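Dear colleague,

Please find below the sequence and structure that I am passing on to you. A short account of what was found follows.

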Amino acid sequence: MEITEFIKRLHYSGTKKAYFCHCRGNTVLNVALGGTVIQDIETKIPQAISHYQQAERHDATHDIQIEENCRLYDIFNKSSIRVNSINHQAIDKLGSSLKTAAAAPDGIIAAVEAVDQSSSLFMGVQWNPEEMASEDPYMQGFFKTFIYECSNKDITVD
């Protein structure tokens with residue numbers, strides 16, 4: 001089964017399983033749900049900030065603005081955090097049943113989540129939180145939330 005088919009089945013199955021994508025997985029999640037991709041940020045948006053950082057992978061290099069009416073805001077309890085960025089692609093048009101949860105200063109979508117907030121954690125982020133989690137308490141909290149969501153749900157794979 002292709003990953004896009006897996007995502008569709010997971011999202012539309014009604015099982016309310018926790019699901020988290022990061023980096024390229026964020027764009028794959030979006031495409032699986034009918035969205036589109038900016039194939040090369042620098043080419044399509046020349047004035048965009050650098051989304052392919054030269055700094056160490058664990059270093060945060062730009063801010064993102066988090067929407068207050070979303071799970072990501074509930075997790076971080078703040079409207080802005082600094083993240084790393086190791087991408088040349090990004091979400092263009094949002095897929096069905098997704099909403100923007102955060103954006104970079106240039107408008108690039110930095111995080112998405114399910115429109116249906118009654119479901120379990122169903123989210124994608126453009127950055128690499130696993131690279132930052134060893135030292136960043138916000139990223140540690142993010143993973144703790146995801147683990148909690150997984151441990152309290154049926155996590156078997158169909």
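Two residues are said to be in contact when heavy atoms of theirs lie within 4.5 Å. Please keep in mind that this is a predicted model.

I begin with His62, which is found in strand β3, residues 62-66. Its relative accessible area is 8%, and because buried means under 20%, His62 is buried. Leaving out residues up to four places away in sequence, His62 touches Ile49, His51, Ile81, Arg82, Val83, Asn84, Ser85, Ala104 and Pro105.

The largest nonpolar core has 24 residues, and Leu72, Phe76 and Trp127 touch the most other members. Two or more residues of this core come from each of β3, α4 (71-76), β4 (80-83), β6 (98-103), β7 (109-114), β8 (122-125) and α6 (137-151). Helix α6 gives the largest share, four residues.

Setting aside its neighbours within four places in sequence, Phe76 is in contact with Ile66, Ile81, Trp127, Tyr138, Met139 and Phe142. Another core, of 10 residues, lies apart from the largest one; Tyr19, Cys21, Ile109 and Phe122 are among its members.

Finally, the cysteines. A disulfide is a covalent bond between the sulfur atoms of two cysteines. The structure holds zero disulfides. Cys70 has a relative accessibility of 2% and therefore counts as buried. Cys150 is also buried, with a relative accessible area of 19%, because the cut-off for buried is under 20%.

With kind regards

Definitions and conventions: Residues are numbered from 1 along each chain as its sequence is written. This is a predicted model: local features need pLDDT of at least 70, side-chain atom pairs count only at pLDDT 80 or more; totals for chains, interfaces and linings use all residues. Side-chain values use heavy atoms; hydrogens and water are left out. Buried means under 20% relative accessible area, exposed over 50%, partly exposed in between (1.4 Å probe, protein chains only). A nonpolar core is a set of buried Ala, Val, Leu, Ile, Met, Phe, Trp, Tyr and Cys residues joined through side-chain atoms within 4.5 Å. A disulfide is a pair of cysteine sulfur atoms within 2.5 Å.
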